[in-house]
Amino acid sequence: MSQSTEVSEPTAGPVARRRPALSPSRASDFKQCPLLYRFRAVDRLPEIPTKAQLRGTLVHSVLEKLFALPQPDRVPARAKELLEPAWAELSAERPEWSELFADEKPEQVDKWLESALKLIDTYFGLEDPTRFEPEACELHVEIELGSGVLLRGYVDRVDVAPTGEMRVVDYKTGAAPREIGEAKALFQMKFYAVVLWRLRGIVPRQLKLMYLTDGQSLAYTPDEAELLRFERTLEAIWQAILKAGKTGDFRPNPSKLCGWCDHQARCPSFGGTPPEYPGWPEPDAGEETPIDRAD
């Protein structure tokens, strides 16, 4: 096995260019539509987040800050106190996000913040964060597989029982999905399971998705044979990406999901023309945005 890393905090100093990697969001993009992968990972075309996506990012931030508090303090009232400071912090880091509210009245922004608070209230109905201590939140993980594929991602939360059993938790701020959405969510979780398995030598006991709109949870128990098969799937996806990267032949794959794509105007399936291919791999194609992680 090649060199691997598992860190929860970024290191200071100049940022070095990293080699291209595969993240769960970008792997899912390529499976859905190779051209979408190219637009997001290679061209890095800008996308305007929706207010629902921003709300998801905000809720993730509040939950991360909540778990940084002592266990007895992780109560709904403290979570409510964290909401507005968390939004102020995110707005300062990404000023373009607050521009989405430039034409909104203050009461409309307040209503949006209240909708985020409702999701957090739903979280407290799913579990009691005063009763356990997670091992890590927003954990950055990275590993190079023996085949040379570099996997990289952020895990919402990792819980480890006193007996050593590991649970991987992901918060979803939408409703529990139908078949397509559920398959996409499980793809993401299996990605994290493979990375943690290879990093720690332990197959996660449970993959848990918590849907904060309707208060439902989806739990899945993987096994080693399944993760090995999934690892080979990731390797095959990466080889297909590299093959397309050599020529720029990232073909569109029209589906029902096209209705949510920001890039229809550039897509040949809708009469558009993609920009000139900038070549591979410039820049690094493995980074996930906060919006990706707040899906």
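Tyr-211 has Gln-216 as its bridge partner in strand E6. This is a predicted model, in which local features need pLDDT of at least 70 and side-chain atom pairs count only at pLDDT 80 or more, while totals for chains, interfaces and linings use all residues. Residues are numbered from 1 along each chain as its sequence is written, and side-chain values use heavy atoms, with hydrogens and water left out.

Strands (E, at least two residues) and helices (H or I, at least four) are DSSP runs numbered from the N terminus. Strand E5 spans residues 206-211, and five of its six residues are buried, that is, under 20% relative accessible area with a 1.4 Å probe and protein chains only. Two strands pair if DSSP finds at least two bridges between them. E5 runs antiparallel to strand E6 (residues 216-220), and five bridges join them. The two form a hairpin with four residues between them, and Gly-215 in the turn has a positive phi of about 70°. E5 also runs parallel to strand E4 (residues 166-172), with six bridges joining the two. Here Lys-172 has Tyr-211 of E5 as its bridge partner.

Glu-84, Glu-107, Asp-110 and Glu-114 form a negative patch; patch residues have over 30% relative accessible area and no salt bridge, and like charges are joined within 9 Å. A salt bridge is a side-chain nitrogen of Lys or Arg within 4 Å of a carboxyl oxygen of Asp or Glu. Helix H6 (residues 106-126) gives the most to this patch, with three residues. Glu-114 lies in H6. Glu-114 counts as exposed because its relative accessibility is 51%, and exposed means over 50%.

Notes. Patch = residues over 30% accessible without salt bridge, like charges linked within 9 Å, V, L, I, M, F, W, Y side chains within 5 Å. Areas by Shrake-Rupley, 256 points an atom, 1.4 Å probe, with all protein chains shown as cover. Lys, Arg positive; Asp, Glu negative; His and termini not counted. Charge placed at Lys NZ, Arg CZ, Asp CG, Glu CD.
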